[in-house]
Amino acid sequence: MIQDIAPHTYHNEYHPLLPESSAILLYFEDGEVLAKYREEEDQIVYPRFGELADQGASMKEACRFLFAIDDTRYYLVMEKPAFNEDANAAYNMESISLFREARPKHESFAGITGYQLWNWYRANRYCGRCGKPMTHADNERMMFCKECHHMVYPKISPAVIVGVLDGERILMTKYTGRAYKRYALIAGFNEIGESIEDTVRREVMEEVGLRVKNIRYYKSQPWSFSDTLLMGFYCDLDGDDTIRLDTDELSVGEWIDRADIPETSDWLSLTNEMILRFQRGEE
């Protein structure tokens, strides 16, 4: 999955040190990242502070520490940087869809995680309670309001991925009106006052009209494309197998035999790992 970057190690402890020349800077616009993309190698490269014009003294002061991977620190900049002459033509604004495919894998993970934090910082420049400008805490990743003392931490939304099983069959779906056209599993967000197991039951009933039992947890995945923490579950059909599709959410819902599951090379998502795990009889 996208977060599985071994042998590299992700460190999300907040250490707001000023960046060294070798530190990576991340700059985003809506749906885009500043990067060098080598299409023939499917490789993404981000700029470093040492490539900035005049060594980027003012930008070093204004940047925001994000995280580290191994010994390399990553920082967010909110203004588009100016580079020295050698690097100026190398970087372009590229679609964040590259993070689904580009290598090295740990740089794709860094990019989409940085994008999630960029969205959070951008959405919390002003206090949602009193409207005054927000200030970043000195010792943790938190925004607070000096006027009313409101505190805001990065947004993480819990959601479920559900593999509904019936013997040698798994329920597979396709979304309505989305660019993603491949098979998926039942999915949905946890609601206020609801246990995560109740989310599984509700989402299956709402999307395909089925009852389930024997709910069992598999694993989780941070999914920064939608500020989500995904939790994967398998469960068994309880009773009638007739699918009653919510066509506002899904265009396809069908039972597929283990031997008939389409092949996929997608290494990115918890959804595909769960499908392949069932295909191999490991669920």
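The predicted model holds 13 salt bridges, a salt bridge being a side-chain nitrogen of Lys or Arg within 4 Å of a carboxyl oxygen of Asp or Glu. Residues are numbered from 1 along each chain as its sequence is written. Because the model is predicted, local features need pLDDT of at least 70 and side-chain atom pairs count only at pLDDT 80 or more, while totals for chains, interfaces and linings use all residues; side-chain values use heavy atoms, without hydrogens and water.

One of these salt bridges joins the side chains of Arg 122 and Asp 30, at 2.5 Å from N to O. The pair links distant parts of the chain, 92 residues apart. Arg 122 sits in helix α2, and Asp 30 in the loop between β3 (28-29) and β4 (32-38). Helices (H or I, at least four residues) and strands (E, at least two) are DSSP runs, numbered from the N terminus. Arg 122 is partly exposed, at 34% relative accessibility. Asp 30 is exposed, at 57%. Here buried means under 20% relative accessible area, exposed over 50%, and partly exposed in between (1.4 Å probe, protein chains only).

A salt bridge also connects Arg 258 with Glu 168, with 2.9 Å between the closest N and O atoms. Arg 258 lies in the loop between β17 (250-257) and α4 (270-279), and Glu 168 in the loop between β12 and β13 (169-175), so the pair ties together parts that are 90 residues apart in sequence. Arg 258 is buried, with a relative accessible area of 15%.

Helix α3 (residues 196-208) contains both Arg 201 and Asp 198. Their closest N and O atoms are 2.7 Å apart in a salt bridge. The two residues are 3 apart, and therefore separated by about one helical turn. Arg 201 is partly exposed at 41%, and Asp 198 is partly exposed at 35%. A network of salt bridges links Glu 194, Arg 202, Glu 203 and Glu 206.

The largest nonpolar core has 71 residues. A nonpolar core is a set of buried Ala, Val, Leu, Ile, Met, Phe, Trp, Tyr and Cys residues joined through side-chain atoms within 4.5 Å. Phe 28, Tyr 46, Tyr 74, Phe 99, Val 162, Val 164 and Val 204 touch the most other members. Helix α2 (residues 105-123) gives the largest share of this core, 8 residues. Another core, of 15 residues, lies apart from it and includes Tyr 27, Phe 65, Val 77 and Tyr 91.

Strand β16 (residues 228-237) has 9 of its 10 residues buried, so the strand is largely enclosed by the rest of the structure. Strands pair if DSSP finds at least two bridges between them. Strand β12 (residues 157-166) pairs with β16 in the parallel sense over 9 bridges. Within this pairing, Val 162 stands opposite Phe 233 in β16. Strand β15 (residues 212-223) runs antiparallel to β16, joined by 8 bridges. Val 212 has Leu 237 of β16 as its bridge partner. The hairpin of β15 and β16 has 4 residues between the strands, and Asp 227 takes a positive phi near 55° there.

Helix α4 has 10 of 10 residues buried, so the helix is largely enclosed by the rest of the structure. Among the buried residues are Leu 270, Glu 273, Arg 277 and Phe 278. The buried residues of α4 pack against β12, β13, β15 and β16, contact meaning heavy atoms within 4.5 Å. Just after α4, Gly 281 takes a positive phi of about 75°.
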